[in-house]
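Student: I would like a close look at one part of this model. Please take the place where the two chains meet, then follow each chain away from it.

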Amino acid sequence: MAVAAAAAALAAGPSPQRRAGLGPWFAVTPMLGWLALFVIVPTLMLLVISFCERDALGRIVYSFTFENYTRAFDWKWLKILGISVWYAFLTTAICLVLGYPVAYFIGRSSDRVRGLLIMLVMIPFWTSFLIRTYAWISILSQDGLLNALLMTLKITSAPIGFMYTPFAVILGLVYNFLPFMILPIYTSVEKLDGSLIEAAYDLGARPARVFSKVVLPLTQPGIAAGILLVFVPAIAMFAITNLMGGGANPTIGEVIQNQFTRARNQPFGAALGVLLLAIFIFSLWLSSKFRRSEQE
Amino acid sequence: MTKHKTKLIVAACAGAMLLAGCEKKDETLKLFSWSEYVPQAVIDKFTEETGIKVSVENYSSNEEMLAKLLAGGGAYDLIQPSEYTVQAMIKEDLLQELDQAKIPNLKNLAPEFRNMPFDPNNKFSVPWLAGFVGVVYNAEVVPGPIVSYKDVFTDEHAGRIVILDDARETVSWGLATAGIPINNVTDENLATITPLLKDWLGKVKVFDSDSPKTAMSNGDTDIGIVWSGEGALLFAENPKFQWVMPVEGVHMFVDNLAIPKTSQNKDKAEAFINFILRPEISKMISDEFPYYNPNLEARALLSPEQLNNPASYPPGFDVTSAQLFTDLGEQASKVDELITTLKAQ
């Protein structure tokens, strides 16, 4: 959620500096309370638990230990974390390449078309992502719709094993996260001043140059927000990767989930969670630094 | 002004409803059960007969149930722990002793389920359903014969295998194959079976505990090690899905109803236990979830098709010869680490 707030701030761009009176402070109190209760307190709990021990039934024993962290820095867990980051990176890159043209097209359409297109992007959210993931399973499975189509059209003679592969995992992630890339970029494109583009053309710039020197820098806040909104949740995602990947090559999200359930080791799961949080904070810091250098 | 008034009235109503909700809270029986294990029809019938409302929450592993119960989140009245969890919970004094006078239908249980080693004489728990872990294969693609765990993990089947996404189970198959008792989960024994498991897990396509039958019936896998209820559903769907009880020894799980110490509704919970032990109610459970029903009177009501399903009621198999899991304690974390690492190879 903190990520969403940061992304929203990025997308909104720099705001005019005005000193606020007492009134606005009252207005944000519910929001601050919400943040404290559902973001800060749980994060602190996670931090505390990550330094604790546990008993045979998995209950947390409040005695201080570093063991969870020394165990977390083992190569086998870092490898799993690396694969998760790689999946998230691929997902983000594909979402950006697919999402940018779509967002641009929507943002530059007429008002009526734009509303319709944005609604089309949002419609999948009306159904739970789990149900949509199960739909993909029935499309991609060996006796599924896609293979039936390919074989009826004589494109392939034997069914192709799409399901339970890295391909299926990336497909599931891209499908699920694409709207999170399109929407913030669309917001930036919508605010784009058309006269600046015209001016660039008038001054003799070619389309490629107009894009790289005018459009891209002006939509950059949307891109940064989109990357954050896709990359961060994609690292921690466990349901889609498990369903589409068949559970082989577990992601860090699956490992953490297991610590809190089957492995009876909440402190270790919390330690892995804190590490993941550190990566998120690092990527937030990186994107804000990136933005600051852009402004200078 | 009117707007404000309306808001006030709405707020007052909401407050009143909240209070009313609090007062009525005790009327509800809070059932904390495995997902996909308690038919809605059974719950509706119970409410209809007794007027007791039932609220249901689900979990997907014993450990998840324990974690939530011990965290003190919901005051659950009835839980559905498996045998090794019952054992651990009795040891930790987390269960209430049952008043057997209030559960006369206990007599319907088969004698071998009345006195199980994890809870002698059903002092704390009553079996719900039992099941086995065995091999299922698509006889149209796999020629067979398949008799053991290691017959599953051959090079011919590589990439066409589904197994339960359950570290404890996987380790027990390795132990059984190496001739080690399945509850001897020591560090040395884990080291002994690691090369074997590494070879096995490298050949697995899908790890799924929730619905391993999906990968089989969709054609993505040809052979697997799954719960007997899943095997029974596959066999009922198409007899090409053959069921095998592995020769190395069969592991049986027994899921039970039990009342946690924190429950304030012991009477209602016992009424529910007695209700589901009625033959016609227990049959409703078997109709939907074709595991091994420990209720002898209910089994008498089942159809020949149900009783002849080799995964539900393996022909000629003596359930007392099956092995039960005992609680692993802290070793659970080691088992999970081993399997997770081998999956990520």
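Tutor: What follows starts at the interface and then turns to each chain.

The model is predicted. Keep that in mind for every value below.

Start with the interface. On chain A, 34 residues are in contact with chain B, and 34 residues of chain B take part in turn. The area buried between chain A and chain B is about 3000 Å². Carbon and sulfur atoms give 49% of that area.

Now the charged pairs. Five salt bridges are counted between chain A and chain B. Arg71(A) forms a salt bridge with Glu337(B). The closest N and O atoms of that pair are 2.5 Å apart. Polar contacts come next: the rule finds 15 residue pairs across the interface of chain A and chain B, both residues being at pLDDT 80 or more.

Which elements of chain A give two or more residues to the side that touches chain B? They are helix 4 (75-107), helix 11 (239-245) and helix 12 (252-260) of chain A. By class, this side of chain A has twelve nonpolar, 13 polar and nine charged residues.

Pro30(A) sits in helix 2 (residues 22-49) of chain A. Its relative accessibility is 58%. The cut-off for exposed is over 50%, so Pro30(A) counts as exposed. Ile240(A) is 210 residues from Pro30(A) along the chain, and their C-alpha atoms are separated by 33 Å.

Ile160(A) is in a loop, between helix 7 (145-152) and helix 8 (166-191) of chain A. Its relative accessible area is 32%, and Ile160(A) is partly exposed. Leaving out residues up to four places away in sequence, Ile160(A) touches Asn147(A) and Leu150(A).

Now cross to chain B. Chain B has 13 helices and nine strands. Its radius of gyration is 22 Å, close to the 20 Å that the globule rule gives for 345 residues, so chain B is as compact as a globular protein of that length. Along the principal axes, the C-alpha atoms of chain B fill a box of roughly 75 × 50 × 40 Å. Of the 345 residues of chain B, 54% count as buried. Take the contacts in chain B with a separation of 6 or more: residues 24 or more positions apart account for 75% of them.

Helix 3 (residues 62-70) of chain B gives a local view. Its buried residues are Asn62(B), Glu63(B), Glu64(B), Met65(B), Leu66(B) and Leu69(B). These buried residues pack against strand 1 (28-34), strand 2 (53-59), strand 3 (78-79) and helix 4 of chain B. Just after helix 3, Gly72(B) takes a positive phi of about 75 degrees.

End with Asn105(B). This residue lies in the loop between helix 4 (83-91) and strand 4 (125-138) of chain B. Is Asn105(B) buried or exposed? Its relative accessibility is 12%. The cut-off for buried is under 20%, so Asn105(B) counts as buried. Asn105(B) touches Asn274(B), Leu277(B) and Arg278(B), again not counting residues up to four places away in sequence.

Conventions
Residues are numbered from 1 along each chain as its sequence is written. Chains are lettered from A and ligands numbered from 1 in the order in which they are written. This is a predicted model: local features need pLDDT of at least 70, side-chain atom pairs count only at pLDDT 80 or more; totals for chains, interfaces and linings use all residues. Side-chain values use heavy atoms; hydrogens and water are left out. Contact means heavy atoms within 4.5 Å. Buried area is the accessible area (1.4 Å probe) that two parts lose on being put together, summed over both. A salt bridge is a side-chain nitrogen of Lys or Arg within 4 Å of a carboxyl oxygen of Asp or Glu. A polar contact is a pair of N or O atoms within 3.5 Å; within protein, one must be able to donate a hydrogen and the other to accept it, and residues adjacent in sequence count only if both atoms are side-chain atoms. Helices (H or I, at least four residues) and strands (E, at least two) are DSSP runs, numbered from the N terminus. Ala, Val, Leu, Ile, Met, Phe, Trp, Tyr, Cys and Pro count as nonpolar, Asp, Glu, Lys and Arg as charged, and the others, Gly among them, as polar. Buried means under 20% relative accessible area, exposed over 50%, partly exposed in between (1.4 Å probe, protein chains only). The radius of gyration is taken over C-alpha atoms; the globule rule is 2.2 Å times the number of residues to the power 0.38.
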